[in-house]
Amino acid sequence: MTRKSVKGLITLGIIKGLIALGILLFFAVFSECDASAEVEKPSEPLNEGQTFEELNPDEVPTEWNDSYLFSNRDDALEELGALRNKSEEINDTFHPKFENLSGPVLLGYLEADREMLKSLEVLYTYAYTQNSKNMNDQFFASLLADSQDLITKYSKAKAFATVKLTALSMEEWSRLFSEEPGLGIYRPYLEGTYMRFAEHRPMNESQAAYLADIENQRMKLETEALLEITNNVTMAGNITLENGEEFSVNSQSYNTLLSTDESREDRKRCYDQRFYHLINKSDSMASLYSEKARLDELAARQLNYTDSYESSLYGLYINKAQIEDMNTVFKERKSVFEDYNELRRTKLGLEKLRPYDLLLQLNDQPGINYTYIDALQEIQKSYSRMDPRFNKIFLMTVNGNFIDVYPDPENGKQPGGYCYGLSALKAPALIFINYNGLISDQKTLTHELGHGINFYLMGNSVDYLYCSGPIYEMEVPSTFNEELFVDHVVENSDRDTAIAVLAQHIGDYQNYFTRQPMITEFEYKAHKMCAENGTVSGAKLNSLWTDLSKEYRSDSVEYYSEDSAEWTYINHIYFTNNYYTFNYAVSKAITLALFKQYREDPKTFNENYIAYLSAGSTMPPEEKLKKYFGIEINRKLFEDAMDVVELRIQELNKLNRETKGPKFQSAAESLNIYSGPHWNIPKGG
């Protein structure tokens, strides 16, 4: 996923934030109390005399080996049964004691709950990741459904705690903390998970159980939507290329052809095949989306929210004004990208850009393929100025069967990519990608590795219950990794490679700052449309998507006159945690501010960055940003981000103007870069 990449949120209990089992899709739990004392002291960045262990290409696997989770399927089924019993035991043990709740009882419950959640994470990880590899494997489809049902069962079993703890007064909380000093380390968790939701809580266990059933339906609907996307929506049929070859258009082949095929006619045929196929699928996906919207709004209203949008923002500790400022800035300044689009048009020798021209790699030979090993080696080199733990975690991940690399759509492998944290085991994260050798694939790989580094640092620095954060915060290390990679390529590659990578990266900026916020705005208006009309047709959602696209997209690209159904294949809009994609824009804006600090003072930045990534949800995200970097999420942050985009475009134009020099002159020489940071390009340079 562009994401990712990212990838479903699995919540236990009724209130979003009680647990996130996995894929980067989190809601924060924290407080004003700083519980980050357990964070390990940062290492020094590498100096000249230090060794940098290099990747051994002969030791790199390309498939997962998750036998450390369960050695076989029978063991997973046995654990499923054991956890069903454990769920009942926790209810039997603690439900009566909560009638007269004391500090020691609460501590005992939290410790039992934490161990149950860790066991659930391991089981769910096994089911979800194996299902991703083949969504048509009935065993793992069944195990995933059973795991979701177990989550619902446990949510109901612990409903007594949710109802009780969200209803406590501050005086009662003070009593509990005074009775049991051991609760102190859990204060941030308790504040973020229960105290903060006093106005958005189930009133009784019956309502809590009802909400757990709604959540189960939402999880099942997400699984159904992802299966439909994998098997049908992204399988657009065959076309005949100009050379007479029959070509199957699926999620992987589509991006590969549009990125590498110099034949404009081939690109048009491929684009058209999917464009009209998606329209044909829009009614069936609209039916799924309408049901999802109904369930989303039902759950939100049960918890005293105006709508699911308010619920999502509350869980992320972001307000509507911040998002409105962001959207306003990106709409007002979308013209920043026109210089980039003009460069693309000129390099391709076109009178007018069409949608099927926007992905083509701008190498002299667009079809160049970057091997997986090549990508890993370049990514590793991009870490050379980072804290040594970056390289250590990188090597553990890529050498340890933690990455599933190559696409296999014909055998049910899900499109996209994600990173699944294994904080419960203090192990490297599992990374899921579909690597085809494109520039964008290299960046997807380093993006997901950024998540993996974050997960590993959290899992080995703070208590398991703090190994989470709001989505936009969790996307910072992934998008920061992208900047590291691009800078490394520009500084160390020939000009042709640097132009291609930088152009692709600026295209990604256009995606982050226009398309991703637009997807969220589409979700919000589509939810309102469904609330007013019930089931909404594909045609109505296509029209909504197209109208919103016009507000964000470039005026220099000639789009089709027909309404587009691109929304149908976007995994994120079917996730149980709604409005995911605007988080990419927020995180990228934060990343660009952080990257400026990294360039100015790498040593100080590394110290702060490692502490930031390790702290998890031990303090509020806005407090973390201020403490370590002095950054706030406001209009200035987004304006500054667009200023950086302008600098990157100037950088690209300068490289492109130097094309009359030696063919393989380095990009660093073209930009007069000989050492150190090079972002301070003068205006108009």
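Packing here rests on contact, defined as heavy atoms within 4.5 Å. Helices (H or I, at least four residues) and strands (E, at least two) are DSSP runs numbered from the N terminus. The model is predicted, so that local features need pLDDT of at least 70 and side-chain atom pairs count only at pLDDT 80 or more, while totals for chains, interfaces and linings use all residues. Residues are numbered from 1 along each chain as its sequence is written, and side-chain values use heavy atoms, with hydrogens and water left out.

H11 spans residues 320-332, 13 residues in total, and reaches 18 Å from its first C-alpha to its last. This is close to the 18 Å expected at 1.5 Å a residue, where the expected span is 1.5 Å times one less than the number of residues. Its buried residues are Gln 322, Ile 323, Met 326, Asn 327, Val 329 and Phe 330. They lie on the same side of H11 because they cover an arc of only 160° around the axis; the arc is that of the directions from the helix axis to the C-beta atoms. An α-helix has 3.6 residues a turn, so residues three or four places apart point the same way. The face of H11 turned away from the buried side carries the exposed residues Glu 324 and Glu 332. At the N-terminal end, H11 is capped by Asn 319, a side-chain oxygen of which lies 3.1 Å from the backbone nitrogen of Ala 321.

Tyr 317 is found in the loop between H10 and H11. Although Tyr 317 is not a glycine, its phi is positive, at about 60°. Tyr 317 has a relative accessible area of 19% and is buried. A positive phi of about 60° is also given for Asn 401, which is not a glycine. Asn 401 is placed in the loop between helix H14 (388-399) and strand E3 (403-404), and is partly exposed, with a relative accessible area of 25%.

Met 642 is buried, with a relative accessible area of 0%. Apart from neighbours within four places in sequence, Met 642 is in contact with Val 329, Phe 330, Arg 333, Val 336, Phe 337 and Phe 513. Met 642 and Phe 337 are 305 residues apart along the chain, and their C-alpha atoms are separated by 9.6 Å.

Asn 341 belongs to helix H12 (residues 338-348) and counts as buried at 3% relative accessibility. Its side chain makes a polar contact of 3.0 Å with the side chain of Ser 554. Not counting residues up to four places away in sequence, Asn 341 touches Leu 353, Gln 510, Ser 554 and Ser 556.

The second largest pocket holds about 270 Å³ of space. On a 1 Å grid over the protein atoms alone, a pocket is an open set of points where a 1.4 Å probe fits, with protein on both sides within 12 Å along at least five of seven lines; lining residues have an atom within 4 Å of a point. Grid points are joined across faces, edges and corners, and a volume is the space filled by probe spheres set on the points. The lining has 15 residues, of which Tyr 370, Glu 378, Val 489, Ser 493 and Thr 497 lie nearest the centre of the pocket. Helix H13 (372-382), helix H17 (476-492) and H18 each supply at least two lining residues, and the largest share, four residues, comes from H17.

His 488 also lies in H17 and counts as buried at 10% relative accessibility. Leaving aside neighbours within four places in sequence, His 488 is in contact with Glu 378, Lys 381 and Ser 382.

Notes
Buried < 20%, exposed > 50% of the residue type's maximum accessible area, 1.4 Å probe, protein only. Polar contact = N/O pair within 3.5 Å; in protein donor to acceptor, adjacent residues only side chain to side chain.
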